[in-house]
Amino acid sequence: MSKRRNFLKSATALGAATLLHQTGWSHASTAKPLPKIKPKRLQMGDTIGLVAPGFALDTESIYLAVDTLKKMGFKAFYTDRIEGNHGYFSNTDEERAKDINEMFANPDIDGILCARGGYGCTRILDLLDYETIANNPKAFIGFSDITALINTFYKKTGLVCFHGPVGKTLDDEYSQAYFKKVLMEPQEVLPIKNAILEDPKQYRNSEYYRYTITPGTAEGELVGGSLSLVTAMIGTPYEIDFTDRIVFLEDVEEAPYRIDRMLTQLTQVDTFLKAKGIVFGVCKGCDRKRTTDNFTLKEVITDRIAPLGIPAVYGMSFGHIPQNSTLPIGIKARFNAYKKQLRLVEAAVS
């Protein structure tokens, strides 16, 4: 985590400066939304391409991802680009980007699953072939630092992408259930029900508590993901436009003061103030005991979000936790903060 913190800001700024020089773009949030592209639904027997756009991936994790996909009825495919190491990355920026570009271009690949997250995704945003991605729409799934990719793909191409488990974390019953419901069984209305916490370690952990921050209802397209990545893209050509959207956020191993700093930055973004709703998942490893020189996670979130007057809730089942639901970027959802309910109101795949 410390390496990501040290390098994320400089890497994002470098990528933004490069793209600004090449294209003359000024600010991403002013761009007109593109027509929505829904990928085809996944089916049993489909081939899922595994990519590692960020951190290095050990052999055991690759085997786990392949085995999980096979048990779910899919075929798995990956190139040797994800097996090596380039420092803390799975490969060079150019090779990681090339892997994604080729997976989209390959007609034998039906969907693309990130084998893991980890820092590095913001470094390759200006190396991706968005025309190829738009012309070969496929389900692209991942979370954590993959936040940068799924939101950028939607912004630059209109392709609906998916904030969901990565290959390393897909071996969970709840996660697999929503992976299938969202990606394989298109429905016009799909409630995203929270997981039942049967593990005492979760049930008694304050980070898993579910509470309403601001009551109310909202409807809008879903955008968001890792709070760290969402804030890292602010001020770049890849900044998310939050206007009239339901924003979902989560993070991992960030002290309350760091959550405070990132939420403060978000509340200073004009389009974030125009969001329709805010949905927090579980911020695992982010709470601390209340002391005279510290705030709890709940105190920080409530202090920063409640004054906005936007329907908001904490504790939904997504994030760096075993029970990670699949949330489609760009799909309309309906949200009831008082009842802590979120439901998709259009199919995410065709």
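Buried means under 20% relative accessible area. That cut-off applies throughout these views of a predicted model.

**Figure 1. R245 pairs with E221 in a salt bridge.** The closest N and O atoms are 3.3 Å apart. R245 sits in strand β9 (residues 245-250) and E221 in strand β8 (residues 217-226), so the pair links distant parts of the chain, 24 residues apart. R245 has a relative accessible area of 12%, so it is buried. E221 also counts as buried, at 16%. Through shared partners, salt bridges join K36, K38, E221, R245 and E346 into one network.

**Figure 2. E346 forms a salt bridge with K36.** Here the closest N and O atoms lie 2.9 Å apart. E346 belongs to the segment after β14 (341-344), and K36 to the loop between α1 (2-23) and β1 (47-51), so the contact ties together parts 310 residues apart in sequence. E346 is buried at 14% relative accessibility. K36 is partly exposed, at 30%.

**Figure 3. R258 and E254 form a salt bridge.** Their closest N and O atoms are 2.5 Å apart. Both R258 and E254 are buried.

Figure 4. Among contacts between residues at least 6 apart in sequence, 81% join residues at least 24 apart. The chain carries 43 positive and 41 negative side chains. The structure holds 17 salt bridges.

Conventions: Residues numbered from 1 in each chain as written. Predicted model: local features only at pLDDT ≥ 70, side-chain atom pairs only at ≥ 80, totals over all residues. Heavy atoms only, no water. Contact = heavy atoms within 4.5 Å. Lys, Arg positive; Asp, Glu negative; His and termini not counted. Charge placed at Lys NZ, Arg CZ, Asp CG, Glu CD. Salt bridge = Lys/Arg side-chain N within 4 Å of Asp/Glu carboxyl O. Helix = DSSP H or I, 4+ residues; strand = E, 2+ residues; numbered from the N terminus. Buried < 20%, exposed > 50% of the residue type's maximum accessible area, 1.4 Å probe, protein only.
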